[in-house]
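Student: I would like to go through this model with you. Could we begin with the terms and then turn to the details?
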Amino acid sequence: MARRGFFAELNHQAQLAEKRRRQEAAAAYRSHLAAQREADRARREFERAAAASARASAAEQAAAEKLAARMHVDARMAEAAAMNADLTQLYGDIDGLLASTLEVDDHVDLESLKIRSLEHPPFDPGPLSTPVPPMPAPVYPPEPVYQEPAAPTGLAGAFGGRKRHEEAVGQARAAHEAGHRAWHDHCTRLYADHRSESERRARAEQDRLRNLHAAEEAYQHQCRQREADATAHNQRLSQFINDLAFDVEAAIQDYVGVVLSNSVYPESFTVEHDHRFDIGSRELTLTVTVPEPSGIPVVREFRYVKAKDEIVPTALPVKERKERYANAVWQVALRTLHEIFEADRAGKIRSVTLTVGAGRIAPATGRPEFVPLAVVGTDRDTFAGFDLAHVIPHATLVHLGAALSKSPIDLTPADTGVGVRVRGR
């Protein structure tokens, strides 16, 4: 299958977001959430009851166990209900493949894909925004002050006191000089350490400023690149719009890719498109690949069996499985035709030849093959005469002269040997 083009992928992502928004507003989705919340609530109740049972005294044990057992049953039943809600939503999505596209306008306003305003993220330098803190001034101890011993007075000076005083003065001066040298050496080391650390912090601040400048330059470059990309995007889109207006075949081909990328199918029933447009005949040849029948659930509902403490599935009746898969194929065919013609307001495409089928491994060769299940051709005017909200898809395809599989669920190929006519030619 062909890869989506640039604008097709861009628009596809926007459509996915819109589909999620619509889904969240749908009643089936709300029912699913309610069932899930109930299952979660019941499970929490059971866990609390089990914990209470473990803490209960012997006299309370029987009652607590009985409560825990009842909470367990409630939790399992709620779990089954949640699973059934999932099934209801899944089958509702498959059964409403055609109706879901009738709710929206499939025309793609290419001008809306232009980037009108560009918001740059704020510049975040992170740690680089914090300056390196300056080195605090060193705290020097006070300079030692010399204090000379007091001279002897009176009789103390007459009996050898003067000599002892001179010795004490000498010792005091020596101690002061030693203390002053130690103080000086300590202050010198403090100053040297302060200067070294200040220089280291200054270098770190210079590195920070240099890295901050580089980060700002990188940020500005990214902003300029985003602006350049936006300009280039808008120029490509303007060229695309201009080419489409002047019937450039490649542009029409790409526009169809954008339209098909908008066709967001349920996750349970994804499809792939391949197409080719011929400007000479103004005919679009389109192939849609749908899931194999084995990819569609076969469960009718889930039921909790208390005796076995199991949630068991009930199989869908074979007739219902066949009808659902076949109807899904017929809906895909009409949905695709509707999306193409509705999106092509300018009437670039006059007719469509469409093949809807499934891939499988061929039983005879063991190699992949594509099995056509519906092949139909129609023109714009003929298809515009249908009210798709009230048709039976199979009857509409028969009315268009389509070649249809007699049993899509068995991957019985449509009989294309008789040819497929395009109404209105």
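Tutor: A residue is called buried when its relative accessible area is under 20%, exposed when it is over 50%, and partly exposed in between. Please keep in mind that this is a predicted model.

Student: Then is His-194 buried or exposed?
Tutor: His-194 is buried, because its relative accessibility is 18%. This residue is found in helix α5.

Student: Which residues is His-194 in contact with, leaving aside its neighbours within four places in sequence?
Tutor: His-194 contacts Met-135, Pro-136, Ala-137 and Pro-138.

Student: What about Asp-229, and where does it lie?
Tutor: Asp-229 also lies in helix α5. Its relative accessibility is 44%, so Asp-229 counts as partly exposed. In sequence Asp-229 is 114 residues from Ile-115, while their C-alpha atoms are 9.9 Å apart in space.

Student: Let us step back. How many helices and strands does the chain have?
Tutor: The chain has 9 helices and 8 strands. Of its 425 residues, 34% are buried. Among contacts between residues at least 6 apart in sequence, 71% join residues at least 24 apart.

Student: Which residues touch the most other members of the largest nonpolar core?
Tutor: They are Phe-269, Val-290, Tyr-325, Ile-340, Leu-354 and Val-356, in a core of 54 residues. The elements giving two or more residues to this core are α4 (97–102), α5 (155–245), α6 (249–262), β2 (283–290), α7 (318–343), β5 (351–361) and β6 (368–379).

Student: Which element gives the most to this core?
Tutor: Helix α7 does, with 12 residues.

Student: And what does Phe-269 touch?
Tutor: Not counting residues up to four places away in sequence, Phe-269 touches Ile-94, Leu-97, Val-290, Pro-291, Ile-296, Ala-328 and Val-332. There is also a second, separate core of 9 residues, and Val-299, Phe-302, Tyr-304 and Ile-311 are included in it.

Student: On to helix packing. At what angle do α6 and α7 pack?
Tutor: The angle is about 125 degrees, and the axes of α6 and α7 are 10 Å apart. The two helices are therefore oblique to each other. Their crossing is right-handed.

Student: Which residues meet there?
Tutor: From α6, Tyr-255, Val-256, Val-259 and Leu-260 meet Thr-336, Glu-339, Ile-340 and Ala-343 of α7. Sorted by class, this contact of α6 with α7 has 6 nonpolar, 1 polar and 1 charged residues.

Student: Now the backbone. Which residues have a positive phi without being glycine?
Tutor: Asp-309 is one of them, with phi near 55 degrees, and Leu-411 is another, with phi of about 55 degrees. As background, most residues other than glycine have a negative phi.

Student: Where do Asp-309 and Leu-411 lie?
Tutor: Asp-309 lies in the loop between β3 (299–305) and β4 (310–315), and Leu-411 in the loop between β7 (403–404) and β8 (422–423). Asp-309 is partly exposed because its relative accessible area is 32%, whereas Leu-411, at 8% relative accessibility, counts as buried.

Student: Finally, where is Ala-395?
Tutor: Ala-395 lies in helix α9 (residues 393–399). At 42% relative accessibility, Ala-395 counts as partly exposed. Its C-alpha atom is separated by 9.3 Å from that of Trp-330, which is 65 residues away along the chain.

How values were computed
Residues numbered from 1 in each chain as written. Predicted model: local features only at pLDDT ≥ 70, side-chain atom pairs only at ≥ 80, totals over all residues. Heavy atoms only, no water. Core = buried A, V, L, I, M, F, W, Y, C linked by side-chain atoms within 4.5 Å. Buried < 20%, exposed > 50% of the residue type's maximum accessible area, 1.4 Å probe, protein only. Helix = DSSP H or I, 4+ residues; strand = E, 2+ residues; numbered from the N terminus. Contact = heavy atoms within 4.5 Å. Axes fitted to C-alpha atoms, helices over the stretch in contact; angles between N-to-C directions. Parallel < 35°, antiparallel > 145°, perpendicular 65-115°, else oblique. Left-handed = near helix turned anticlockwise from the far one by under 90°. Nonpolar A, V, L, I, M, F, W, Y, C, P; charged D, E, K, R; others polar.
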